[in-house]
Amino acid sequence: MPPSTFHTLDLNLLRVFDEVMAERSLTRAAHNLALTQPAVSNALRRLREALGDELLRRHGHGMEPTPRALALWPSVREALRQLQATIVPSAFEPQQANSTFVLAMADATAAELMGGLARQLELQAPGVSLRVVPLTTRDPRSMLADGTADIALGYFPAVLTDLTGRAQAGEAVAFEHQRLYTGEYVCVMRRSHPLAEQPMTLESYCAARHLLVSFSGRPHGFVDEALTSIGRQRRIVFTVNQFFTAGQVVVNSDLLTVLPRHFVPTTGMGEQLALRDLPLDVPPVHVEALWHRRLQHDSAHQWLRRQLLQVAQAAFGTEAKP
């Protein structure tokens, strides 16, 4: 867009664009904006002409964005939210709120934190709803950027390394994070496993048959990376995408797996499982809350982050670090 075009651009068109992108429907966008559908269509036409791109096309019963629209939307949405927060700051009132939050996390994280968070909501915000969706990746930035989830909770070492590197290089960083707790991973097997009655050595560990928990379906995890760094490897013969499923499989087989220590008692299978320290050094597992910066100053989101931090501190008895 030439500078002269931006100077004459009606910024109200961006509000219409943001709403249509969020709803993928002219009818719903018009209702939310208190406009007629022809008015929304006209606003989109003017924005298309100004930007020289179709932006959204009809697809089935909805609207499908073009690549230009997908690239433009995060910046537009963040700018509008920041402007609204500056002009009309709103305080989140938990007792009166009827918001819905979407959290992405693994089942082990949910097992430890969601009970406490449910109690917090019952006491402080009875009208607030919570939806937990599966965490299927170690890099959830795309789902946070497109609004699929408000917060992702998990172990994201590569993401944090990338964000730190970008910040140190002076680049704009679009995501924020807060450490909730530090977990410990252990080797888990059924109590009658042949290795349960002898010391766990690196040799016996590598020689055994293993089950891997992989959210994304990747055939290796952080334990395999640690083994590779010392010139060793293990044989993975089974891969699942949930920690609870891993426990069920291990109880009924001679496979070894790696689970968060705190998670094992919550499975109901604790008495059937034997836990052993891993026979190699692995990095500490820092569980983080990760969110998009556009929500950094949103009062409802700030309230939710405080609840998560309090629940994590109560569950693990430690002061979480930023």
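These legends walk through several close-up views of a predicted model. Residues are numbered from 1 along each chain as its sequence is written, and side-chain values use heavy atoms, with hydrogens and water left out. Because the model is predicted, local features need pLDDT of at least 70 and side-chain atom pairs count only at pLDDT 80 or more, while totals for chains, interfaces and linings use all residues.

**View 1. The whole chain, to get your bearings.** The chain has twelve helices and twelve strands; these are DSSP runs numbered from the N terminus, with helices (H or I) of at least four residues and strands (E) of at least two. The C-alpha trace spans about 75 × 45 × 40 Å along its principal axes. Of the 322 residues, 45% are buried (under 20% relative accessible area with a 1.4 Å probe and protein chains only; exposed is over 50%, partly exposed in between).

View 2. Take a look around Leu256: leaving aside neighbours within four places in sequence, its contacts (heavy atoms within 4.5 Å) include Cys187, Met189, Tyr205, Arg209 and Val250.

View 3. Rings of Phe, Tyr and Trp (its six-membered ring) pair up if their centres lie within 6.5 Å; planes under 30 degrees apart are stacked, over 60 edge-to-face, and the rest tilted. By this rule there are eight aromatic pairs. Phe92 and Trp303 make a tilted one, 5.2 Å centre to centre with 45° between the planes. Phe92 sits in the loop between helix H5 (67-87) and strand E3 (100-105), and Trp303 in helix H12 (residues 299-316), 211 residues apart. Phe92 is buried at 16% relative accessible area, and Trp303 is buried at 4%. Then there's the stacked pair of Tyr181 and Phe316, at 3.9 Å and 15°. Tyr181 is in strand E6 and Phe316 in helix H12, 135 residues apart. Tyr181 is buried, at 4%, whereas Phe316 is partly exposed, at 21%.

View 4. Ring pairs link Tyr155, Tyr185, Phe215, Phe222, Phe243 and Phe263 into a cluster. On a 1 Å grid over the protein atoms alone, a cavity is a set of points where a 1.4 Å probe fits but cannot get out, and lining residues have an atom within 4 Å of a point. Grid points are joined across faces, edges and corners, and a volume is the space filled by probe spheres set on the points. The largest cavity has a volume of about 130 Å³. It is lined by 17 residues, and Thr109, Tyr155, Tyr185, Phe243 and Val287 are the closest to its centre.

**View 5. The second largest pocket.** A pocket is an open set of points with protein on both sides within 12 Å along at least five of seven lines. This pocket has a volume of about 490 Å³. Its lining has 26 residues, with Arg138, Arg218, His220, Gly221 and Phe222 nearest the centre. Helix H10 gives the most to the lining, with four residues.
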